[in-house]
Every structure is written in structure tokens, then in C-alpha cells.
Amino acid sequence: MRYHNITKDDMLNGEGLRVVLWVAGCSHNCPECHNPVTWDIRGGIPFDQAAKDELFEELQKDYVSGVTLSGGDPLHPDNREETGRLIDEICDRFPGKTIWLYTGYDWEEICGLPCIRKVDVVVDGEFVAGLKDNSLQWKGSSNQRVIDVQRSLLTGAAVIHGRS
């Protein structure tokens, strides 16, 4: 897996103060994407042990709520295996931290992936420029959903995060 950046003390990509890993690789190619530099699966730099150490150093901080995996697309087919291993390791080492994941895939396409079982929130769906709404929280266009993964897995249908 390759990545472009690790953002520290982020308040825009999930609840609380977060660390964000921006992975390389996205095949959705959404028009007016806010991050097209991340589309190339060969772009960025290798996600090596030093990058993982940097990510984990941030997660050790008490005030950091968790990690957000974005990009690019952490669920690009070439990223799925390593994304899954990273999620497993984060869960093992930082059980009190939340994991958010942004993907252009719809929930119904990814809900059966093994790595999803340990994620707290998925923001799904491609960005649609015609549905862009700057007033939306944690998403860019109104077709995207902020999904409570654990409740969704229990009910068998997408449950929107924050709704009772």
C-alpha cells in the first residue's frame, strides 16, 4: 500500500480529534474530487514501518479519538489486504480508539469484507458534484452516507450514524 499524507489533529474527517491516513489508489475518478492526486495506485510513497510508527505515535495520545482511513480509497482492490491488516493491528493495539473509513464503494458492495467488521463508521459512495452540499457533516455530497457499521451489521441494513 502507498500513501500521500498522515494528517494530525484533524477535526473534519470524523468525530473528535483524529489522525487521518490518506492512501493512494482510487478507481472511482469522481469529477470534482477534492483529492485527485491520490487516484494513482502507484502515487505517493510506500506505507512502511516508519509511516506506521508515525500513525501509531499519534494514536497513543489520550486526546486523539481515533483514526480515519481516506484517500484515494482504502478499499481499492490493491489496498484491501493491507488495509485489513492495519485495521486489525489498530484494534489490537488501541482498543479504545474509533476507526472511520471513507470509500467510494456503496455499503452494500463492501459490508461483507472481513476488514469492515472492525470499523466503527464508513462514509460510503462516490462524490457526486451535482449533489455537493457544504453544509453536510463528514461527507461531500448528499448521496453519501455516514454509516454506523456495528449497528448495520446487526440489523443487516445500513444504519445512519447518530440516528436512534
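How many disulfides does the structure hold? In this predicted model, the number is zero. Cysteine 33, for instance, takes part in no disulfide, and the nearest cysteine sulfur, belonging to cysteine 30, lies 6.2 Å away. For cysteine 91, the closest cysteine sulfur is that of cysteine 115, at 10 Å, which is too far for a bond. A pair of sulfur atoms would have to be within 2.5 Å to count. As for accessibility, cysteine 33 is partly exposed, with a relative accessible area of 23%, and cysteine 91 is likewise partly exposed, at 22%.

I turn now to the fold. The chain comprises four helices and seven strands, and their order from the N terminus is β-β-β-α-β-α-β-α-β-β-α. The radius of gyration is 15 Å, close to the 15 Å given by the globule rule for 164 residues, so the chain is as compact as a globular protein of that length. Along the principal axes, the C-alpha atoms fill a box of roughly 40 × 35 × 30 Å. Of the 164 residues, 46% count as buried. Among contacts with a separation of 6 or more, 58% join residues 24 or more positions apart.

Finally, the largest pocket. Its volume is about 690 Å³. Which residues lie nearest the centre of this pocket? They are His34, Tyr102, Phe127, Gly140 and Gln144, out of 32 lining residues. By class, the lining of the largest pocket contains 15 polar, eleven nonpolar and six charged residues.

Note on methods: Residues are numbered from 1 along each chain as its sequence is written. This is a predicted model: local features need pLDDT of at least 70, side-chain atom pairs count only at pLDDT 80 or more; totals for chains, interfaces and linings use all residues. Side-chain values use heavy atoms; hydrogens and water are left out. On a 1 Å grid over the protein atoms alone, a cavity is a set of points where a 1.4 Å probe fits but cannot get out, and a pocket is an open set with protein on both sides within 12 Å along at least five of seven lines; lining residues have an atom within 4 Å of a point. Grid points are joined across faces, edges and corners, and a volume is the space filled by probe spheres set on the points. Ala, Val, Leu, Ile, Met, Phe, Trp, Tyr, Cys and Pro count as nonpolar, Asp, Glu, Lys and Arg as charged, and the others, Gly among them, as polar. Buried means under 20% relative accessible area, exposed over 50%, partly exposed in between (1.4 Å probe, protein chains only). Helices (H or I, at least four residues) and strands (E, at least two) are DSSP runs, numbered from the N terminus. The radius of gyration is taken over C-alpha atoms; the globule rule is 2.2 Å times the number of residues to the power 0.38. Contact means heavy atoms within 4.5 Å.
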